[in-house]
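The following account leads the reader through selected parts of one protein model. Please keep the sequence and the coordinates at hand while reading.

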Amino acid sequence: MSEATTDLDELTARLDREYVFHSWSAQGALSPVVIAGGSGSTVWDHAGKRYLDFSSQLVNVNIGHQHPAVVDAIHRQADLLATIGPSAANLARGEAAKRIVARAPEGFAKVFFTNGGADAIENAIRMARLHTGRDKVLSTYRSYHGNTGAAIVATGDWRRVPNEFARGHVHFFGPYLYRSEFWATTPEEEGARALHHLERVIQSEGPASIAAILLESVPGTAGILIPPPGYLAGVRALADKYGILLILDEVMAGFGRTGRWFAFQGYDVVPDLITFAKGVNSGYVPVGGVIIPEPIAATFDERVFPGGLTYSGHPLAAASIVGALDAMESEGIVDNARRVGAEAIGPGLLELAERHEAIGEVRGEGVFWALELVADRETREPLSAAGIGKVKGELVARGLLPFVVDNRIHVVPPCVVTDDEVAQALSIYDEAFAAAL
């Protein structure tokens with residue numbers, strides 16, 4: 001560790017304290033980890049201290065840090081054309097859209113590009129309202145859809161409350177057996193009762209007023225809540241019964257995170273609109289979008305779509321999508337996420353739960369897992385914020401970056417994570433739980 005690199009870490013921390021305003025935070029209490037570089041599932045500071053990134057940052061670096069195929073695609077596009085407006089036709093944009101549509105279900109035909117997941121949700125809601133001529137959007141209380149006008153109000157958690165300036169949003173309870181709202185004791189009961197609840201909400205709100213039901217295929221920030229058998233197919237059936245569009249939010253769950261290209265592909269359901277961001281290019285350049293089927297796209301063949309963004313389909317973002325999706329295909333990265341989840345992460349976390357009473361439930365698939373931490377397994381009382389803080393501190397001190405939400409540790413490494421890295425992380429989790437709790 002040289003004096004120069006130490007000074008760079010100190011400089012980075014000082015500049016951050018003095019000039020950077022952080023999201024979702026009380027500014028005075030912040031002391032963020034300094035990150036200078038990364039490769040695969042590992043990042044490091046200027047002095048060379050290394051961390052396993054089992055957060056994938058914001059659960060978006062699916063292909064891992066600094067994947068050469070993506071970095072090279074961005075470089076080549078920057079040399080050719082760094083930017084162009086969305087009204088022009090651009091080869092990188094077209095190639096990116098073609099690859100995304102190729103992985104969507106039959107009948108999906110177009111991609112509207114956005115700058116990220118939140119404005120993908122905004123535009124999917126806009127399309128649903130304009131296509132149906134209806135207003136209301138139903139979404140769950142346990143959800144996160146982004147931090148723009150309609151997306152944050154569609155969100156169900158506490159962040160919605162100080163931001164409720166958009167109209168036409170209604171919330172309902174989705175399935176969550178560990179903390180069931182429906183007195184269910186099995187996944188099948190939970191799914192059936194949640195569907196009954198949703199239908200009653202639809203009927204009570206007036207089906208003719210509802211444009212769309214908006215769901216995360218697998219709710220992510222809300223707890224990695226794996227849908228019970230038949231639930232998503234049941235929501236699809238209710239949407240069809242009442243003439244409502246189904247929007248599935250794949251921003252966090254898509255492009256390999258669950259071990260599939262899209263999470264919904266494991267649940268016998270096809271939506272009417274698909275939103276994406278994050279894993280489509282692992283956040284190397286900001287991008288998101290809406291995948292649109294022919295009937296909805298045709299609504300705007302003669303009618304102007306009243307939405308757009310200066311950076312829609314930005315060439316550097318488009319090139320990064322092409323590089324990422326081609327590499328994920330050729331290197332079997334989605335299959336790796338599926339295998340490592342089934343063979344290493346899942347079994348390893350279940351073994352951890354046998355040793356640590358604070359782990360109330362383990363749930364997940366692919367590289368998308370959550371440990372729900374409790375003060376008491378019988379009552380399922382959530383572990384306190386102080387207890388969670390101790391666990392997080394012990395993890396970071398041992399060289400692992402966690403994704404922590406409420407009383408949960410989300411185990412969400414890049415899709416390229418290796419068995420050896422999983423074993424190393426499991427050892428760190430084990431030590432951290434023992435030290436903190």
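The model is predicted, so local features need pLDDT of at least 70 and side-chain atom pairs count only at pLDDT 80 or more, while totals for chains, interfaces and linings use all residues. Residues are numbered from 1 along each chain as its sequence is written, and side-chain values use heavy atoms, with hydrogens and water left out.

On the surface, a nonpolar patch is formed by Leu-8, Leu-11, Leu-15, Tyr-19 and Val-20, whose accessible area together is about 460 Å². Accessible areas come from the Shrake-Rupley method with a 1.4 Å probe, and for residues only the protein chains shown count as cover. Patches take residues with over 30% relative accessible area and no salt bridge, joining like charges within 9 Å and nonpolar side chains (Val, Leu, Ile, Met, Phe, Trp, Tyr) within 5 Å. A salt bridge is a side-chain nitrogen of Lys or Arg within 4 Å of a carboxyl oxygen of Asp or Glu. Val-20 lies in the loop between α1 (3-19) and β1 (37-39); helices (H or I, at least four residues) and strands (E, at least two) are DSSP runs, numbered from the N terminus. With a relative accessible area of 42%, Val-20 is partly exposed, the class between buried (under 20%) and exposed (over 50%), for a 1.4 Å probe and protein chains only.

Thr-140 belongs to strand β5 (residues 136-140) and is buried, at 8% relative accessibility. Beyond residues up to four places away in sequence, Thr-140 touches Ala-154, Gly-156, His-171, Phe-172, Gly-174, Leu-214 and Leu-215, contact meaning heavy atoms within 4.5 Å. The Thr-140 side chain also reaches the backbone oxygen of Arg-142 at 3.1 Å.

In a regular strand, side chains alternate between the two faces of the sheet. In strand β9 (residues 273-276), Leu-273 and Thr-275 point one way, Ile-274 and Phe-276 the other, and all are buried. Strand β8 (residues 245-249) runs parallel to β9, joined by 3 bridges, and Ile-247 stands opposite Leu-273. Strand β10 (residues 288-293) is antiparallel to β9, again with 3 bridges, and Val-290 stands opposite Thr-275. Strands pair if DSSP finds at least two bridges between them.

Finally, Val-322 lies in helix α10 (residues 315-330) and counts as buried at 17% relative accessibility. Apart from neighbours within four places in sequence, Val-322 is in contact with Ala-92, Glu-95, Ala-96 and Arg-99.

How values were computed
Polar contact = N/O pair within 3.5 Å; in protein donor to acceptor, adjacent residues only side chain to side chain.
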